[in-house]
Amino acid sequence: MPDVNLQANAPLTADALDQTERRLAEIVGAGFVARDAATLAAYANDATPLLRGRPEIVCSPASTAEVSAVVALAAELHVPLVTRGAGTNLCGATVAQHGGIVLAVTRMKRILEVDAANMAIVCQPGVTTVEVADAAASGGLLYPPDPGSRTASTIGGNVATCAGGLRGLKYGVTRDYVLGCEVVIGTGEVIRWGGKTVKDVAGFDLARLMCGSEGTLGVITEVTLRLVPTPPATGTGHAYFPTLEEAGEAVSAVLARGVLPATLEFLDRVCIETVEDYAHIGLRTDAGALLVFGQDGSSADVAADMLRIAETCREAGAIEVTIASSSEEAARLLEARRAALPALSRRAPVTVLEDASVPRSKVPEMVRRLEEIAHMHGLVIGTFGHAGDGNLHPTCVFDPEEPGIVERVERAFADVFAAALDLGGTISGEHGIGIVKLPYLERQLGSAQIALLRRIKEAFDPAGILNPGKLGS
């Protein structure tokens with residue numbers, strides 16, 4: 001990286017802040033620049049618990065031209081700039097730890113085009129995931145990525161973290177649907193990559209490089225997303241198991257039979273009890289694990305696959321298997337999975353939701369490791385997640401006022417990430433690296449790859465202003 005040493009920057013002086021505010025107001029309008037205490041406090045943190053930054057000024061552009069001018073100004077003044085959408089991030093990727101400007105893209109929230117003929121949608125970064133899904137549905141199409149925060153999270157943030165969701169096993173994650181994007185890089189230049197074509201091998205796949213870049217390479221100002229036909233039929237079911245390990249074995253058995261479910265999610269005993277206490281939807285609290293499964297496609301294929309999944313679960317030791325007979329019953333089953341996080345968050349003042357992924361065959365072993373880690377550190381850790389793609393969400397709930405507990409939680413999750421790596425997995429399947437997981441990144445990637453990331457960043461952001469200190473930069 002260039003020797004601008006943004007990470008060690010002292011807060012901007014009053015004169016520098018006045019100058020920055022004045023020039024930003026000339027770009028986006030005075031009503032969309034703020035540095036009052038209430039606004040800065042609102043933008044000091046994202047959804048990551050116990051983590052606050054120190055933004056010094058917030059601006060909200062309304063167009064690509066305004067974003068370009070803001071980035072160019074930040075580069076000229078050597079002021080750090082952190083791009084932010086809805087702030088649903090869970091790893092501190094949108095926390096302004098080094099001060100400077102928070103660039104909020106939530107005013108850029110237009111769906112520009114739904115192109116049914118080419119099965120594509122073009123939108124600005126501030127559009128929420130559910131708005132994209134609804135717009136696609138209005139054209140008879142499906143946008144498959146469905147992160148848990150889909151009603152609030154923005155498409156720009158989804159791309160920046162390569163968000164996943166409940167349909168990831170069958171349909172993939174955000175990067176699998178990004179056909180093209182418009183990005184303002186760290187010089188203020190506007191670059192467009194890709195488009196609506198199905199095939200495009202002209203140059204490097206820079207649109208895909210933006211997926212998971214966490215705002216370190218550029219500001220996403222427009223995205224072209226691939227859509228797929230809406231399946232004509234869906235099915236949902238669930239199976240209870242004595243232990244989470246047995247549920248993990250059932251997942252491997254289902255996939256070994258050649259069935260690729262649209263949904264294959266799980267909750268452990270802690271989550272089952274907590275969700276039932278929270279939502280009162282009739283879950284069995286005597287079970288050690290709950291597997292929620294679903295399929296979509298033609299009516300005949302869905303019926304056949306649902307029966308095969310149910311039979312496989314019974315053979316794997318399920319104590320109860322049910323296939324929903326109505327859309328209302330199916331919605332209740334999915335509610336159990338979607339309610340896991342809000343239910344857990346009611347148990348204690350602080351909820352730390354993490355994610356780690358392992359190869360699918362290693363899910364049972366990872367589950368055993370998680371239970372051992374919780375016991376060893378004396379913590380309440382509920383685990384749920386995307387069993388079909390090996391992405392687990394160990395979630396710790398605790399009272400930060402208890403002496404020493406924050407340190408115990410930190411040590412526990414260090415053990416979680418180490419276990420994932422030992423099993424050939426990754427420290428993050430979908431949440432991203434941000435600040436929280438940065439200490440573990442080099443162990444996974446190695447020093448040579450970290451050095452490569454830095455060289456790539458320098459090409460996109462020669463002044464080093466974009467989200468400094470993230471992803472090894």
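Student: What makes you say that both faces of E3 are covered?

Tutor: Look at its side chains: Leu81 and Thr83 on one side are buried, and so are Val82 and Arg84 on the other. Buried means under 20% relative accessible area, while over 50% is exposed and anything in between is partly exposed (1.4 Å probe, protein chains only). In a regular strand the side chains alternate between the two faces of the sheet. Keep in mind that this is a predicted model, where local features need pLDDT of at least 70, side-chain atom pairs count only at pLDDT 80 or more, and totals for chains, interfaces and linings use all residues. Residues are numbered from 1 along each chain as its sequence is written, and side-chain values use heavy atoms, leaving out hydrogens and water.

Student: How do you know that E3 and E4 are joined?

Tutor: Strands (E, at least two residues) and helices (H or I, at least four) are DSSP runs, numbered from the N terminus. Two strands pair if DSSP finds at least two bridges between them. E3 and E4 (residues 101–104) have four bridges, and the two run parallel. Threonine 83 stands opposite leucine 103 in E4.

Student: Why is histidine 78 called partly exposed?

Tutor: Its relative accessible area is 39%, so histidine 78 falls in the partly exposed class. Histidine 78 sits in the loop between helix H3 (64–77) and strand E3 (81–84). Its phi is near 55 degrees, a positive value in a residue other than glycine. Most residues other than glycine have a negative phi.

Student: What makes E5 and E6 a hairpin?

Tutor: Four bridges join E5 to E6, and the strands run antiparallel, with four residues between them. Glutamate 113 has valine 122 in E6 as its bridge partner, and isoleucine 111 has cysteine 123. Methionine 119 in the turn has a positive phi of about 50 degrees. With a relative accessible area of 31%, methionine 119 is partly exposed.

Student: How do you know how H1 and H3 run relative to each other?

Tutor: Compare their axes, which are lines fitted to C-alpha atoms, for helices over the stretch in contact, with angles from 0 to 180 degrees between N-to-C directions. Helix H1 (residues 14–28) and H3 pack at about 160 degrees, with axes 9 Å apart. Under 35 degrees counts as roughly parallel, over 145 as roughly antiparallel, 65 to 115 as roughly perpendicular and the rest as oblique. H1 and H3 are therefore roughly antiparallel. Residues that meet include Leu24 and Ile27 in H1 and Leu73 and Leu77 in H3.

Student: What makes a set of residues a nonpolar core?

Tutor: Its members are buried Ala, Val, Leu, Ile, Met, Phe, Trp, Tyr and Cys residues joined through side-chain atoms within 4.5 Å. The largest one here has 54 residues, and Phe241, Leu291, Cys313, Met366, Leu392 and Val416 touch the most other members. Helix H14 (residues 405–422) gives the largest share of this core, nine residues. A second, separate core of 31 residues includes Tyr143, Val159, Ile185 and Phe460.

Methods:
Contact = heavy atoms within 4.5 Å.
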